[in-house]
Amino acid sequence: MNLRLSNRLDAILKEGWEMICQHRDDILSAWLDKCDELEDKQHAAAQPLRLAIDTFSSQWLGPVKDIVEWLASFQREWKKRNGELSPNQSTAILSMMENAVHETIQSAGVVEFRVHQAVQYVFSRLHESVNASDCSSFDLEQFLGQIVSSKQLPIIWIAQLSRTADGGFIVAKWHGNAGDALTDSSMYGETIFALCEHILSRMDAVGKRLIPLPWGSDLLLVCVEGEERLVIPFLLHAFEQFQAAQKVSIRTREQHLWKDAVLLFDQWIMRAKSLRQAIEYTSTGFVTYLPFERCALFAYSSTHESGFGLYGYQLDNHEIKSIHERIDSLPFIKQYIQRLQLLGRQMTNVPPIYVRHAAQGLPMKYVKQFQLQSIVIAPIYAPSENRLIGAAILDCGPNTSFQLSNDLYTAIMKFGQSAGEILSKCSRGRSDLVQPMPHLSPREIEVLKLVAEGASTYEAARRLHLSEYTVRDYVSAILQKMNAKNRTEAIVKAIRDGII
């Protein structure tokens, strides 16, 4: 499985649009009220706002299936109705509409930050779409429209075909001068040949040729007049160039998606008012804004040269918090940290570690316990302090393999930096994020539990079938390991850290 950042961001965008559609009647009413208010004041924004409302209404006809096509469709409708607006005017209209959406869904009881953020992301993408220059848009429908409108080519029309459930073909859309006889009725054929015969029977076919051309999973049907041998090479070359430019555009967009993801993640974690919230928001944010399913967040203690669990999202949180592992038992992570230490102050970007097979880098007990396959280790690094705080281990669920795209690799690194800064701020500059829990033996934990219950040394010795001297030795060892001055302090620390 090849993970792409666009998958998660598209899901967030769809979530935002579905929320808008869910409350569309109330939202539409709020927009129209605003429009009436502007018209009463004879404000110049009244007419553009009404046209913008019409644009949104045209997009409410069905669910979002393909994000690129949906944005292209919205851009086409916007250009038709509000094409004369400047980028600043378009931004002002969309911002006015977005504010009304937030107010409406909040009045309906929708207060979750994540939902409002998804709505905000919808309008952010729409801002980009309507303000994008025409030359940067590689829209198939626009491209086909330009071809059929050219007076230098003997092309009458082009039809986009789609497959039906029974394996036949229908005309999904016409481009060019197809005539009412074709466009006013549905065109279907069990085969391409049958469809062509049907179309030719409904038109003046003298001197006309129908040429089927493959396009992705669908077909295009091109109607030409005259000699087709001159047209086919041109069309094949034009479609090839269009597809190449489209792929470049998509790659360029994907390379910039990490900025969108980082912005959303930063908004998510900046809400933290305490270290506990920062830890929780960081763990959930890695899964919410990246295409992963599970996250385990760990702190790194340079003093103790060990890592210990802080939080598990979509994992057993207690099991993650109970992990306390010396770096010596993780050779490849130890080597990675040593390389970072060699860089010293020259270290700015700390790249993540992709491990295709977790068994090659982690102890088998954890691989089996959490059913790990492919994982990513995202360093949590605070650039302002040049300090490695910890790491987030990410995967796509039990026993799932995956590969990373370049844009995702960059996003993970930037997430780690943002998380490092907020965790450092919330930990108030401590050298270690939190103090690691002491490693107590099962017998020491038993003794500590009895002491916490109020048992004397004699009572504890009797119940554990030990001598009083042995119990005193255990108590001394517990106080030393927990850096506690007395039994009461040890009990308080043990309860706070979840040891007992």
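In this predicted model, the largest cavity is lined by 29 residues. Of these, Phe298, Leu330, Ile333, Leu362 and Ile393 lie nearest the centre of the cavity. The volume of this cavity is about 500 Å³. By class, its lining consists of 24 nonpolar, 2 polar and 3 charged residues.

Both strands and helices contribute to the lining of the largest cavity. At least two lining residues come from each of strand E7 (294-301), helix H13 (331-343), helix H14 (364-370), strand E11 (375-382) and strand E12 (387-395). Among these elements, E12 gives the most to the lining, with 6 residues.

The count of cavities of 30 Å³ or more comes to 2. The second largest cavity has a volume of about 40 Å³. Its lining is made up of Leu448, Val451, Val475, Ile478, Leu479, Arg487 and Ala490. Helix H16 (442-452), helix H18 (468-481) and helix H19 (487-496) are the elements that supply two or more residues to this lining. The most comes from H18, which gives 3 residues. Sorted by class, the lining of the second largest cavity holds 6 nonpolar residues, no polar residues and 1 charged residue.

The packing of two helices was also examined. Two packed helices are described by the angle between their axes and the distance between the axes. Helix H2 (residues 24-40) packs with helix H3 (residues 46-58) at an angle of about 165°, and the axes of the two helices are 9 Å apart. Because angles over 145 degrees count as roughly antiparallel, H2 is roughly antiparallel to H3. The crossing of these two helices is left-handed.

The contact between the two helices involves residues from each. On the side of H2, the residues are Leu28, Trp31, Leu32, Lys34, Cys35, Asp36, Leu38 and Glu39. They meet Ala46, Leu49, Arg50, Ile53, Phe56 and Ser57 in H3. Taken by class, the residues of the contact of H2 with H3 divide into 9 nonpolar, 1 polar and 4 charged.

Methods: Residues are numbered from 1 along each chain as its sequence is written. This is a predicted model: local features need pLDDT of at least 70, side-chain atom pairs count only at pLDDT 80 or more; totals for chains, interfaces and linings use all residues. Side-chain values use heavy atoms; hydrogens and water are left out. Axes are lines fitted to C-alpha atoms, for helices over the stretch in contact, and angles run from 0 to 180 degrees between N-to-C directions. Helices (H or I, at least four residues) and strands (E, at least two) are DSSP runs, numbered from the N terminus. Angles under 35 degrees count as roughly parallel, over 145 as roughly antiparallel, 65 to 115 as roughly perpendicular and the rest as oblique. A crossing is left-handed if the near helix is turned anticlockwise from the far one by less than a right angle, and right-handed if clockwise. Contact means heavy atoms within 4.5 Å. Ala, Val, Leu, Ile, Met, Phe, Trp, Tyr, Cys and Pro count as nonpolar, Asp, Glu, Lys and Arg as charged, and the others, Gly among them, as polar. On a 1 Å grid over the protein atoms alone, a cavity is a set of points where a 1.4 Å probe fits but cannot get out, and a pocket is an open set with protein on both sides within 12 Å along at least five of seven lines; lining residues have an atom within 4 Å of a point. Grid points are joined across faces, edges and corners, and a volume is the space filled by probe spheres set on the points.
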